[in-house]
Amino acid sequence: MLLQSPWMPRLANIEANAAERLVLALADDIIEGRLTAGARLPAHRDLAWKLGVGLGTVTRAYAVLERRGLTRSVKGRGTFVALREAHKDRQIDLSSNAPPATLNPRILAKTLTGIARKIDADHFNLYAPPAGHVEHRRVVARWLETLGLPADPSHLVLTSGARQALSLAFDLACGPHGLLLTERITYPGALALLRRKGCRMQGVEIDAEGMVPEALAEALRGTKSHGGKAVYLTPTLHNPTTATMGAVRRQAIVDICRRAGVWIIEDGVYAASDAGSRPLAALAPDISLHVNGLSKSLGPGLQIGVLALPAGLKDAAEQLLQDVPMPPSALSCAVVEDWLTTGVISSIQRDLRHEARRRSGLAVSLLGTGEIVSHPDAYNVWLPMEREAANRFVSIAAASGIRLTPPGSMMVEPEDQISGIRLCLGGPSFDDLTGALTLLAGLLRRAA
């Protein structure tokens, strides 16, 4: 005779279909320890009858739990909790802020077939100019215009990714002995680049709209530099806090930088998610270096970065690029040109926004709205937390099979105690993300 299941059937109280609600309810009880390893789950038909759902709903939910490693099925006996096995081997990465996978393989195959008949062979036979082929710069200029940034192709530098464009911007605006002012908590990739270059940095206070103008003005008045001086910031969907500047804030930042005579390095990699906001480079093209890329807007496989320069820095950029050219793949540029012409880009970006909102909503529903900072179009959410508590939480999550971004990698000042946890939502499958966030929600409740 089969043992009865100890689980009291329920559906999670969230906005989702019945299968997802059942998955969340069971996953939460397994991870919280209310269902221990080896415990038997209710039979499919019995559970469907008790919950008033279809048999297919239960079947789908059980399949999801097994794929995530939370349960195991034994033929002829039933389905059992397998939490120990799940935690021992699996690791879910919430440390990399990648966009969700939305590209349809059929669309990609159709694109590659089409461009094969018209691609310029010289783009493969010859080395590209330091700033990239002029045809490719025209393509990227067209894309930047869809983001509200009028761009002269002759003032663009193409690279093999946005981080390379960012590195070039730092070299042009600051040089080896310059000073860079940036948000007190900011993109870890930028901080890693600056530390590797040996640049001096100063953190500026932030609020719900990003960098605080008054704090920036005060910092600029109180700093001296023997080299160049620049302000680096992300005005749209700031990484990691998701803050987005309004029009008044953007103009205030531009005015302060203009009066102080400093360059603005604008990180615009998330600008496509909020096309209604004007880039800083559109407000002040003469003092702004705009960094962008296709990886966050379309997909990580499209390694195309771009640096939009003021006219006065064009020659200096080409001089730097003589030694270390950074042009993107000709094939990637051909793909982007085709997608601009056929409207695929707008379709992909629409799908990305939909999936970002779905995942952000999931995070808010599981983690609660009390402490979490989120934006519906962002690929991450932010949990403000004291430095020591954040470090401890990252370690506990790692022991539970979830990789998070180390708090210190996002902080300008090593001794700063105001920190937090960045949870990147785009990389894992939706099922894995659900499991990871459910587990983290339990860890947060216990920590509280």
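**Reading burial, contacts and form**

Analyst: Cys 333 is buried, with a relative accessible area of 2%, where buried means under 20% relative accessible area, exposed over 50%, and partly exposed in between, with a 1.4 Å probe and protein chains only. This is a predicted model, in which local features need pLDDT of at least 70 and side-chain atom pairs count only at pLDDT 80 or more, while totals for chains, interfaces and linings use all residues. Residues are numbered from 1 along each chain as its sequence is written, and side-chain values use heavy atoms, with hydrogens and water left out.

User: How many disulfides are there, and how far is the sulfur of Cys 174 from the closest cysteine sulfur?

Analyst: A disulfide is a pair of cysteine sulfur atoms within 2.5 Å, and by this rule the count is zero. The closest cysteine sulfur to that of Cys 174 belongs to Cys 199 and is 5.7 Å away, which is too far for a bond. Cys 174 is itself buried, at 5% relative accessible area.

User: Where is Ser 419 placed, and which residues is Ser 419 in contact with?

Analyst: Helices (H or I, at least four residues) and strands (E, at least two) are DSSP runs, numbered from the N terminus, and Ser 419 belongs to strand S15, residues 418–424. Contact means heavy atoms within 4.5 Å; leaving aside neighbours within four places in sequence, the partners of Ser 419 include Ile 185, Trp 382, Glu 386, Arg 387 and Met 411. Ser 419 has a relative accessible area of 3% and is therefore buried. The C-alpha atoms of Ser 419 and Ala 389, 30 residues apart along the chain, are separated by 9.0 Å.

User: Is Asp 29 buried or exposed, and in which helix is Asp 29?

Analyst: Asp 29 counts as buried because its relative accessibility is 6%, and its place is in helix H1, residues 18–31. Beyond four places in sequence, Asp 29 is in contact with Trp 7, Arg 10, Arg 34 and Leu 35.

User: What should I take from the whole chain?

Analyst: The protein chain has 17 helices and 15 strands, and buried residues make up 54% of its 448 residues. Among contacts between residues at least 6 apart in sequence, 71% join residues at least 24 apart. Along the principal axes, the C-alpha atoms fill a box of roughly 80 × 55 × 35 Å.
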